[in-house]
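Subject: Structure for you to look at

Hello,

Please find the sequence and the structure below. My notes on them follow, starting with the whole chain and then moving to single parts.

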Amino acid sequence: MLLPSAGVKPHAAGSTLKTIVLDAGHGGQDPGCNGAGEIWEKNVTLAITLKLGKLLEDSMKDVKVVYTRKTDKFVELWERPNQANKDNADLFISIHCNANNNTAAAGSETYFMGLHKTSGNLEVSKRENSVITYESDYKTNERYGGFDPNSPESHIIFTLVQNAFLQQSLKFSQMVENQTGAISKVKSRGIKQAGFLVLWQTAMPSVLVETGFLTNASDRAVLKSEEGQKIIAKGIYKAIVAYKKELEKSAAIKAEKKNTATDSTKSAKNIR
Ligand SMILES: [Zn+2]
């Protein structure tokens with residue numbers, strides 16, 4: 001298997017927030033999951049992504065927003081993190097909707113890359129990873145390093161890889177769940193870990209938001225409506241604001257420490 005981020009030039013990702021990549025899950029021939037024959041995941045993810053992007057563009061002028069898709073088009077899975085790496089992005093947010101045979105299952109979950117702790121988490125990543133089967137050459141595409149979405153071993157091996165941005169991804173996941181859970185009718189199921197191919201090769205903090213279950217009637221009502229989509233977008237936006245603030249605060253503390261160190265060197269010189 002390929003190492004994650006192989007060939008990707010490291011940059012100071014995660015220390016500032018200058019470029020954000022918004023990844024609307026699925027698209028085109030890959031519709032994602034379906035909600036009771038009423039709506040497809042690809043349409044909901046795009047609607048939320050565009051609303052979130054608009055909020056960022058209108059009020060965070062110092063942040064560049066990059067989209068992996070802005071229309072109903074098919075984007076190969078490897079191309080999504082690849083785009084983020086090429087743009088030296090500082091944050092990658094992949095937006096999805098959940099599905100379950102149990103229609104009572106409801107709520108949002110934000111995932112960061114890691115080994116699944118429950119079979120439920122594994123099922124979610126398996127479903128999301130299986131989209132590569134829409135790509136005719138996925139078995140030979142080196143970008144996937146021999147990953148087979150139908151093999152349980154494949155899922156375990158590739159999640160064992162160390163992710164340099166784990167702490168920040170975890171922190172941002174928590175912020176997304178806190179903020180969306182506080183304002184949306186979709187209740188928060190908390191943060192989770194699983195191995196998502198789309199997050200695997202990102203060279204920056206990255207999360208995948210399962211905004212709610214399309215298979216649950218009350219979640220679906222929220223996810224289908226303009227108002228519900230707006231509120232979810234607002235929640236993720238507020239998480240980005242909080243995350244940016246925290247990055248700036250720690251950068252200021254670092255600068256302060258550096259100044260203090262320089263000052264003491266100066267006074268030490270004066271004494272001599
Ligand atoms: Zn999805």
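This is a predicted model: local features need pLDDT of at least 70, side-chain atom pairs count only at pLDDT 80 or more; totals for chains, interfaces and linings use all residues.

The protein contains eight helices and eight strands. Of its 272 residues, 43% count as buried. Among contacts between residues at least 6 apart in sequence, 81% join residues that are at least 24 apart.

The core

The largest nonpolar core has 59 residues. Those with the most contacts inside this core are Ile20, Leu91, Ile93, Phe196, Leu197, Val207 and Ile236. Helix H8, residues 226-271, gives the most to the core, with seven residues. As for Leu197, if its neighbours within four places in sequence are left aside, it is in contact with Leu77, Asn129, Ile132, Tyr144 and Phe147.

Strand S1 and its partners

Is strand S1 enclosed or open? Five of its six residues are buried, so S1 is largely enclosed by the rest of the structure. S1 pairs with strand S4 (residues 64-67) in the parallel sense, over four bridges. S1 and S5 also run parallel, and five bridges join them. Leu22 can be followed in both directions: its bridge partner in S4 is Tyr67, and its bridge partner in S5 is Ile93.

Two helices with a buried face

Which residues of helix H3 (residues 119-129) are buried? They are Val124, Ser125, Glu128 and Asn129. Seen down the axis of H3, these buried residues fall within an arc of 125°, so they line one face of the helix. An α-helix has 3.6 residues a turn, so residues three or four places apart point the same way. The cover over the buried residues of H3 includes strand S5 (91-98), helix H4 (152-159), strand S7 (188-194), helix H6 (197-200) and strand S8 (206-213).

Ser119 also lies in helix H3, but Ser119 is exposed, with 8 other C-beta atoms within 10 Å. Its C-alpha atom is separated by 30 Å from that of Tyr237, which is 118 residues apart from Ser119 along the chain.

In helix H7 (residues 217-224), the buried residues include Asp219, Arg220, Val222 and Leu223. Down the axis of H7 the buried residues fall within an arc of 160°, so they too line one face of their helix.

Two residues with positive phi

Most residues other than glycine have a negative phi. His26 is not a glycine, yet its phi is positive, at about 65°. His26 sits in the loop between strand S1 (19-24) and strand S2 (34-35). Is His26 buried or exposed? His26 is buried, with 27 other C-beta atoms within 10 Å.

Asn88 also has a positive phi, near 50°. Asn88 is found in the loop between helix H2 (79-86) and S5. With 16 C-beta neighbours inside 10 Å, Asn88 counts as partly exposed.

Regards

Conventions
Residues are numbered from 1 along each chain as its sequence is written. A residue is buried if 20 or more other C-beta atoms lie within 10 Å of its own, exposed if 12 or fewer, and partly exposed in between; C-beta atoms are placed from the backbone. The arc is that of the directions from the helix axis to the C-beta atoms. Two residues are in contact if their C-beta atoms, placed from the backbone, lie within 7 Å. A nonpolar core is a set of buried Ala, Val, Leu, Ile, Met, Phe, Trp, Tyr and Cys residues joined through C-beta atoms within 7 Å. Two strands pair if DSSP finds at least two bridges between them.
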